[in-house]
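Please look through the sequence and the model below before reading on. The report that follows takes up a few residues in turn and then turns to the chain as a whole.

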Amino acid sequence: MERKFNKQPKLHIRTGDTVKVLAGDDKGKTGKVLSVNLEKRRAVVEGINTVTKHVKPTATNPQGGIEKREAAVHISNLMLVDPKSGEATRIGRKLGENGKLVRYSKKTGEVING
């Protein structure tokens, strides 16, 4: 019998990271990651990929109307910004002092917190 494991993928982007957009209408812009969806491999970034959403009137929002929101972007279109240099960088993983995996910048070798 074949076994399937529901292992969570290790992504290069986490909530709270500053990222740069590599492709799409917002190419070149930077923003902070608000949330990450692991199953769909998508992230919501502050100020990136804004869409207009028509909201129906409800008891909490009796006016309704049109509001702008950030939509999710695929993580392959995002690259982490190095906190030290401010440039987009690839990341790697290595064992830290406490024996846990830590992310580090491939450009500067600096450990990325978070």
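## A lysine in a loop

Lys106 lies in the loop between strand 9 (101–105) and strand 10 (111–112), where strands are DSSP runs of E with at least two residues, numbered from the N terminus. This is a predicted model, in which local features need pLDDT of at least 70 and side-chain atom pairs count only at pLDDT 80 or more, while totals for chains, interfaces and linings use all residues. Residues are numbered from 1 along each chain as its sequence is written, and side-chain values use heavy atoms, with hydrogens and water left out.

Lys106 is partly exposed, with a relative accessible area of 45%; on this scale buried means under 20% relative accessible area, exposed means over 50%, and partly exposed is in between, with a 1.4 Å probe and protein chains only. Leaving aside neighbours within four places in sequence, Lys106 is in contact (heavy atoms within 4.5 Å) with Thr89, Arg90, Ile91 and Gly92. Arg93 is 13 residues from Lys106 in sequence, and their C-alpha atoms are 9.6 Å apart in space.

Another lysine, Lys32, belongs to strand 2 (residues 30–37) and is partly exposed, with a relative accessible area of 43%. When residues up to four places away in sequence are not counted, Lys32 touches Gly16, Asp17, Thr18, Val44, Val45 and Glu46. Between the C-alpha atoms of Lys32 and Gly47, which are 15 residues apart along the chain, the separation is 8.4 Å.

Which residues have the most contacts inside the largest nonpolar core? They are Ile13, Val19, Val33, Val45 and Leu78, in a core of 14 residues, and such a core is a set of buried Ala, Val, Leu, Ile, Met, Phe, Trp, Tyr and Cys residues joined through side-chain atoms within 4.5 Å. Two or more residues of this core come from each of strand 1 (18–21), strand 3 (42–45) and strand 7 (78–80). Val45 touches Val19, Gly31, Lys32, Val33, Leu34, Glu70 and Leu78, again not counting residues up to four places away in sequence. In soluble globular proteins, nonpolar side chains tend to be buried together.

## Two residues with positive phi

Most residues other than glycine have a negative phi. Arg41, in the loop between strand 2 and strand 3, has a positive phi near 55°, and Arg41 is partly exposed, with a relative accessible area of 37%. Asn49 also has a positive phi, of about 55°, although it is not a glycine; Asn49 is found in the loop between strand 3 and strand 4 (50–55) and is partly exposed, with a relative accessible area of 28%.

## The chain as a whole

The secondary structure of the protein chain comes to zero helices (a helix being a DSSP run of H or I with at least four residues) and ten strands. The radius of gyration of the chain, taken over C-alpha atoms, is 18 Å, well over the 13 Å that the globule rule (2.2 Å times the number of residues to the power 0.38) gives for 114 residues, so the chain is more spread out than a compact globule.

Along its principal axes, the C-alpha trace spans about 55 × 50 × 25 Å. Buried residues make up 24% of the 114 residues in the chain. Of the contacts with a separation of 6 or more, 36% join residues 24 or more positions apart.
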